[in-house]
Amino acid sequence: PACTVVNRLPNASGRAANVIGMLSYVSAFAGHGPQAVRLAEAAARECDRGDPVLRARLLGREATAAAADGDLARFRRQSQEAAVLLERQAGRGAPSFLYYLTAEQLAAETGQALVMLAERTIVSRDRLLSEAVDTLSSAVTAMAAPGPGGTAPAYPRSALLHTTFLARACLLRGDLDQAVTAMRTGLVLLVHVQSPRARAYLHGLRPAMARRSRSALVREFLDEFDEASSLV
């Protein structure tokens, strides 16, 4: 079906592969790991060794799918290959439909997948969470930075989405101070984002924070969170 939609556009097979890869990503975060892997593999076949940036995009999708399927080795292999390939292509141009794919975006998705892996395992959970926090912290700092003259970040929706995964990782580690800091960043981004999905991820963290309300820091932040949310 994806091919049918885009087959009259320039670079039709690449566009189709990208659409299938997005379906894999959506499936991964809907909890359908095996289906996500099959879609990622179908996207790679459609790509047929095309543009290097597109291949990096699809390798990243496969890495996310592998994480959703609990396959740590495949996740590591594909995420590292995607990062190396994208770095090699830096400054050489990319298909127009991948205008948003930067090193920070790919790193943020890697951190997001690490959180997903950590939520699905007990073995090495602390190591995975530590890696997720380090990866997401760097990526989110770059993605959430205001634009020229204090304008909104270039991609506030993506910045908000990945900020929520940073907060989730911090909560899983028991680092309340860093979780609050991440969610404050999310509140700043919230005014620039209309995406129901991204906003729902942020609001969905409130119950987890409320369960930790014995902490004075958390109690104070929950009041701040509720007030800020009511204004948006």
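The model is predicted, with a mean pLDDT of 91 over the chain. Of its residues, 95% reach a pLDDT of 70 or more.

**Confidence**

**Helix H2 and what comes after**
- H2 covers residues 12-29, which makes 18 residues.
- From first C-alpha to last, H2 reaches 26 Å, close to the 26 Å expected at 1.5 Å a residue.
- The buried residues of H2 include glycines and alanines, namely Gly14, Ala16, Ala17, Gly21 and Ala28.
- Also on the buried list for H2 are Asn18, Ile20, Ser24, Tyr25, Ser27 and Phe29.
- Just past the end of H2 sits Gly31, with a positive phi of about 85 degrees.

**H4 against H5**
- Helix H4 (residues 52-68) packs on helix H5 (residues 72-88) at an angle of about 160 degrees, and their axes are 8 Å apart.
- That angle is over 145 degrees, so H4 runs roughly antiparallel to H5.
- The crossing of H4 past H5 is left-handed.
- On the H4 side, the residues that meet H5 include Pro52, Val53, Arg55, Leu59 and Glu62, along with Ala56, Ala63, Ala66 and Ala67.
- Their partners in H5 include Arg74, Phe75, Gln78, Glu81, Leu85 and Leu86.

**Arg61, a buried arginine**
- Arg61 is part of helix H4.
- With a relative accessible area of 3%, Arg61 falls under the 20% cut-off, so it counts as buried.
- Leaving out residues up to four places away in sequence, Arg61 touches Gly21, Met22, Ser24, Tyr25, Ala40, Tyr100 and Glu109.
- Three of those neighbours, Gly21, Ser24 and Tyr25, also turn up among the buried residues of H2.

**H7 against H8**
- Helix H7 (residues 125-143) and helix H8 (residues 156-173) cross at roughly 150 degrees, and their axes come within 9 Å.
- H7 and H8 are therefore roughly antiparallel to each other.
- H7 passes H8 in a left-handed crossing.
- Among the H7 residues that meet H8 are Leu129, Ala132, Val133, Leu136, Val140 and Met143.
- H8 answers with residues including His162, Phe165, Leu166, Cys170, Leu172 and Arg173.

**H8, and its other partner H10**
- The end C-alpha atoms of H8 are 26 Å apart, which agrees with the 26 Å its 18 residues should span at 1.5 Å a residue.
- Of the 18 residues in H8, 14 are buried, so this helix is largely enclosed by the rest of the structure.
- H8 also packs with helix H10 (residues 196-203): the axes come within 9 Å and cross at roughly 25 degrees.
- H8 and H10 are therefore roughly parallel to each other, and H8 passes H10 in a left-handed crossing.
- Arg157, Leu160, Leu161, Thr164, Phe165 and Arg168 in H8 are the residues that meet H10.
- On the H10 side, the contacts come from Arg197, Ala198, Arg199, Tyr201 and Leu202.
- After H8 comes Gly174, which has a positive phi near 80 degrees.

- Ser124 isn't a glycine, yet its phi is positive, at about 65 degrees.
- You'll find Ser124 in the loop between helix H6 (103-119) and H7.
- Ser124 counts as partly exposed, at 30% relative accessibility.

How values were computed:
Residues are numbered from 1 along each chain as its sequence is written. This is a predicted model: local features need pLDDT of at least 70, side-chain atom pairs count only at pLDDT 80 or more; totals for chains, interfaces and linings use all residues. Side-chain values use heavy atoms; hydrogens and water are left out. pLDDT is the predictor's confidence in each residue, from 0 to 100. Helices (H or I, at least four residues) and strands (E, at least two) are DSSP runs, numbered from the N terminus. The expected span of a helix is 1.5 Å times one less than its number of residues. Buried means under 20% relative accessible area, exposed over 50%, partly exposed in between (1.4 Å probe, protein chains only). Axes are lines fitted to C-alpha atoms, for helices over the stretch in contact, and angles run from 0 to 180 degrees between N-to-C directions. Angles under 35 degrees count as roughly parallel, over 145 as roughly antiparallel, 65 to 115 as roughly perpendicular and the rest as oblique. A crossing is left-handed if the near helix is turned anticlockwise from the far one by less than a right angle, and right-handed if clockwise. Contact means heavy atoms within 4.5 Å.
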